[in-house]
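My plan was to start with the whole chain and then work down to single residues.

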Amino acid sequence: MMAGLTQIEVWMHGRQVGRLGLTPTQPQTCAFEYTTEWLQEGFSISPFELPLVPGLKIAPYHPFEGCFGVFADCLPDGWGQLVLHRYLMQKGINSNNLNLLERLCMVGQNGRGALEFRPDRSISNAPEYLDFERLAAESDTILADDAYTGEHLEELVQRGGSPGGARPKIFIRQDGEEWLVKFRARGDKKSIGKDEYRYSLLAKQCGIEMPETRLMDGKWFATKRFDRKEDGTKIHVVTASGLLQADYTIPCMDYRHIFTLANRLTHSMEDMWKIYRLMCFNVLIGNRDDHARNFAFLYDKGWHFAPAYDILPCGIEGDYHTTSVNDNPLPTRSDVIALATSVGLPEKEAVSIFESIANQVLC
């Protein structure tokens, strides 16, 4: 199907960004080089690992098995990886035999953000109409049966793009707008969709920037894609994991790192306060699944902190946060305020915001 790919092209907004290849050494890692045109007129797609300078850059093998973080962000993991694996099995292809370039070409033009990979081997997008109940049932069967390769796998792959996380999810287009819809994972409460919707509304009440959210058919949580403009233009997105080459599968980051990214990339006090509010909210609701891929930055005529996503209580009381606060994985109010002041936020305002959010969350 794609055997032998050793070099592919990276594109954005109809312009070639660069070329991506594999080193001949074992274990193989990615090598990337910007095009001359992009060097003259473009921007760094990942400022710390791929600065906008001429020459070949070689990715470290860890933590993304030889992939640069910005491209690893584009690959499916969790649910997306499972569905793609089953679909390829159905076609007689072992996904474990695909190299990094071949997997990126399976994403093609249908991934998160604005990066596209050529040759494009993605599956064309599904039509706008869909039956949520049918796809939710199909998703549940896939999770329950390790050998199942059902008739609707292709549609799930078409609607999958590169969504991460363990919960089944699909991309849809409705009334000309693009949305991400989540289904239940095995072990989730039946109310998980309603719960996430309720917390999204609470987050907005607490002053946290979030995309528009909906409850589809009264049960499936949906969030409008923030990597798409109203006219369909794609927006470049990189997670904190991708920017810092941070392994999101293990605790490896502190909220201090996210503040530092904002300082380095956006130079915006508004973004610093957005991060602070999100940190307060995650601590107060007990969202302990605050890993490095659950924070992102957008590039749209400059870098900006992305709207919040995946906000839901996770874990039990006493569990560690994946991202620590002031180097404490069991953060207290004092840790939150101490970190805020250490990154230059005024203590009086930080205390006031924390108390305001606490009053809304804990009332």
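Below are my entries, from the overall fold to local details.

**Ground rules.** I'm working with a predicted model, where local features need pLDDT of at least 70, side-chain atom pairs count only at pLDDT 80 or more, and totals for chains, interfaces and linings use all residues. Residues are numbered from 1 along each chain as its sequence is written, and side-chain values use heavy atoms, with hydrogens and water left out.

**Whole chain.** I counted 12 helices and 14 strands in the protein chain; these are DSSP runs numbered from the N terminus, helices being H or I with at least four residues and strands E with at least two. The radius of gyration is 20 Å, close to the 21 Å from the globule rule for 363 residues, so the chain is as compact as a globular protein of that length. (The radius is taken over C-alpha atoms, and the rule is 2.2 Å times the number of residues to the power 0.38.) Along the principal axes, the C-alpha atoms fill a box of roughly 60 × 50 × 40 Å. I found 55% of the 363 residues buried, meaning under 20% relative accessible area with a 1.4 Å probe, protein chains only (exposed is over 50%, partly exposed in between). I also looked at contacts, i.e. heavy atoms within 4.5 Å: among those between residues at least 6 apart in sequence, 64% join residues at least 24 apart.

**Cores.** A nonpolar core here is a set of buried Ala, Val, Leu, Ile, Met, Phe, Trp, Tyr and Cys residues joined through side-chain atoms within 4.5 Å. The largest has 81 residues, and Leu 20, Phe 32 and Phe 259 are among those with the most contacts inside it. Helix 10 gives the most to this core, with 11 residues. Apart from it lies another core of 15 residues, including Phe 132 and Trp 220.

I traced 5 strands in the order 4-3-2-1-5, with antiparallel pairing. Strand 4 (57-58) and strand 5 (116-118) stand at the edges with a single partner strand each, so one side of each has no neighbour in the sheet. Pairing takes at least two DSSP bridges between two strands; strand 1 (residues 7-12) and strand 5 have 3, running antiparallel. Val 10 has Phe 117 in strand 5 as its bridge partner.

**Hairpin.** Strand 6 (residues 169-174) and strand 7 (residues 177-182) pair antiparallel over 6 bridges. Arg 173 stands opposite Glu 178 in strand 7. The hairpin has 2 residues between the strands, and Asp 175 takes a positive phi near 55 degrees. I checked Lys 169 in strand 6 too: at 6% relative accessibility, this lysine counts as buried.

**Helix 9.** Which residues of helix 9 (residues 255-265) are buried? I got Tyr 255, Ile 258, Phe 259, Leu 261, Ala 262 and Leu 265. At the helix start, a side-chain oxygen of Asp 254 reaches to within 2.9 Å of the backbone nitrogen of Arg 256. His 267 follows helix 9, with a positive phi near 55 degrees.

**Asp 271.** This one sits in helix 10 (residues 269-285). Asp 271 counts as buried at 4% relative accessibility. Leaving out residues up to four places away in sequence, Asp 271 touches Thr 266, Trp 303, His 304 and Phe 305.

Technical notes. A polar contact is a pair of N or O atoms within 3.5 Å; within protein, one must be able to donate a hydrogen and the other to accept it, and residues adjacent in sequence count only if both atoms are side-chain atoms.
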